[in-house]
Amino acid sequence: MKMRNPDISQSVPPKGVAIPFLICCLGVALFSVMDAAMKGLSLSIGLYNALLWRAITGSLLGLVLMLATRQRWPNRSVLRLHLLRGVVVALMASFFFWAIMRLPLAEAIALSFIAPLIALYLAALLLKERIGRQAIGASLLGLVGVGVILSGRMRGDYDGDALMGAGAVLLSAMLFAWNLILQRQQAQLASPIEVAFFQHLVMLGVFAIGAPAWAIVPTGAAVPLVLMAAILAFTSLAALAWAYARAEAQRLIPVEYTAFVWAAIFGWLAFGEQLTLTTLAGALLIVAGCLIAARTKRADIAHVEAGAA
């Protein structure tokens, strides 16, 4: 591959943020459609094959774009970062999409919003950043929101399978918090196309391990869903990376929480899922905690949806 790759960290941001704001809105909406497509695909051909075939399709799409845009091949240190983040995202996606097979989309997205608050503590652990009192209070507010959502699951008709799904979302959110830290390191070293390509390629390597035992060839209605999920995942990843390279994160973070609205809409349209008051109230508390935390720092806790894999 030819050795040319624009360093997005060195690009000069435009004066306005209107276009990055709109691109960010588009990226979040596309991720939400992708989540719905992956839920339908997982229910149709199983979670493993949904993840495997999305990774195959995304890797092929990424390779074409890498060649067409003459991207440079990353050096060894950047490759190690791609490898680490790809493995983390593979595990994160597995937990998240396993969960949405058992939970309404809006509920899973609401729980996943806890990830930026977990990232505060990981940043303190891994990057030696200081956590202020206001950020700690914000994280406690987010935990209350999680408790409110879970209380809706534990009240009356106890649904053990759905509660396990909620636990899987929280595990996914923990991995996604680590992903946010890696993303901050990666953003300065690679273009959006390179990031999306290697993320899909490493995920393919992880999921290919189980192919001899579990892989099947999707047929019929599953094929369009595979293509849709892969294209949406790749496009939304690149769109958000482009937007965050050209506008301050604090201006774009609120847009990310519109994923809850999209999830509620697509969950209702595609699967007949109803939005509960406990889910809505819990989501509002978690989002409030995230926004308070963002105001206390440089607000670089971006990409809050754990399904952005």
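**A glycine among helices**

Guide: Gly58 is found in helix α2, and the model we are looking at is a predicted one, so a word on confidence will follow later on.

Visitor: Does Gly58 count as buried or exposed, and at what relative accessibility?

Guide: A residue counts as buried when its relative accessible area is under 20%. Gly58 falls below that limit and is therefore buried, its relative accessibility being 0%.

Visitor: Which residues is Gly58 in contact with, once its neighbours within four places in sequence are left aside?

Guide: Contact here asks for heavy atoms within 4.5 Å. With the neighbours within four places set aside, the residues in contact with Gly58 are His200, Ala230 and Phe234.

Visitor: How far apart are the C-alpha atoms of Gly58 and Leu204?

Guide: Along the chain, Gly58 and Leu204 are 146 residues apart.

**Helix α2 against helix α8**

Visitor: At what angle do α2 and α8 pack, and how far apart are their axes?

Guide: Two packed helices are described by the angle between their axes and the distance between the axes. For helix α2, residues 47-68, and helix α8, residues 192-207, the angle is about 140° and the axes are 8 Å apart. Because of that angle, α2 counts as oblique to α8. To repeat the two values asked for, they are about 140° and 8 Å.

Visitor: Is the crossing of α2 past α8 left-handed or right-handed, and what classes of residue make up the contact?

Guide: The crossing in which α2 passes α8 is left-handed. The contact brings residues of α2, including Leu51, Ile56 and Met66, against residues of α8, among them Ile193, Phe198 and Leu201. Sorted by class, the contact of α2 with α8 has 15 nonpolar, four polar and two charged residues.

Visitor: Where does Phe197 lie, and which residues does Phe197 touch beyond four places in sequence?

Guide: Phe197 lies in helix α8, and because its relative accessibility is 4%, Phe197 counts as buried. From C-alpha to C-alpha, Phe197 and Gly58 are 7.2 Å apart, although 139 residues separate them in sequence. Not counting residues up to four places away, Phe197 touches Ser59, Gly62, Leu63, Met66 and Phe234.

**Helix α2 against helix α10**

Visitor: How do α2 and α10 pack, and what is the hand of their crossing?

Guide: Helix α10 covers residues 222-244, and α2 packs with α10 at an angle of about 50°, the axes being 8 Å apart. That angle makes α2 oblique to α10. The hand of the crossing of α2 and α10 is right-handed.

Visitor: Which residues meet between α2 and α10, and how many of each class does the contact have?

Guide: On the α2 side, Trp53, Thr57 and Leu61 are among the residues involved, and they belong to a contact with α10 residues that include Val226, Ala230 and Phe234. By class, this contact of α2 with α10 has ten nonpolar, three polar and one charged residues.

**Two further residues**

Visitor: What is phi of Arg70, and where is Arg70 placed?

Guide: Most residues other than glycine have a negative phi. Arg70, however, has a positive one. Arg70 is partly exposed, because its relative accessible area is 45%, and its place is in the loop between α2 and α3. The value of phi for Arg70 is near 55°.

Visitor: In which helix is Gly267, and which residues is Gly267 in contact with beyond four places in sequence?

Guide: Gly267 is placed in helix α12, residues 259-271, and counts as buried because its relative accessibility is 0%. Its C-alpha atom is separated by 6.5 Å from that of Pro104, 163 residues away along the chain. Beyond four places in sequence, Gly267 is in contact with Leu105, Gly272 and Glu273.

**The chain and its confidence**

Visitor: How many helices and strands does the chain have, and what share of its residues counts as buried?

Guide: The chain has 13 helices and zero strands. Of its 309 residues, the share that counts as buried is 51%.

Visitor: Where does pLDDT stay under 50?

Guide: The chain averages a pLDDT of 83, and 86% of the residues score at least 70. Where pLDDT is low, the predicted coordinates should not be read in detail. The stretches under 50 include residues 1-15 and residues 299-304.

Notes. Residues numbered from 1 in each chain as written. Predicted model: local features only at pLDDT ≥ 70, side-chain atom pairs only at ≥ 80, totals over all residues. Heavy atoms only, no water. Axes fitted to C-alpha atoms, helices over the stretch in contact; angles between N-to-C directions. Helix = DSSP H or I, 4+ residues; strand = E, 2+ residues; numbered from the N terminus. Parallel < 35°, antiparallel > 145°, perpendicular 65-115°, else oblique. Left-handed = near helix turned anticlockwise from the far one by under 90°. Nonpolar A, V, L, I, M, F, W, Y, C, P; charged D, E, K, R; others polar. pLDDT = per-residue confidence, 0-100. Buried < 20%, exposed > 50% of the residue type's maximum accessible area, 1.4 Å probe, protein only.
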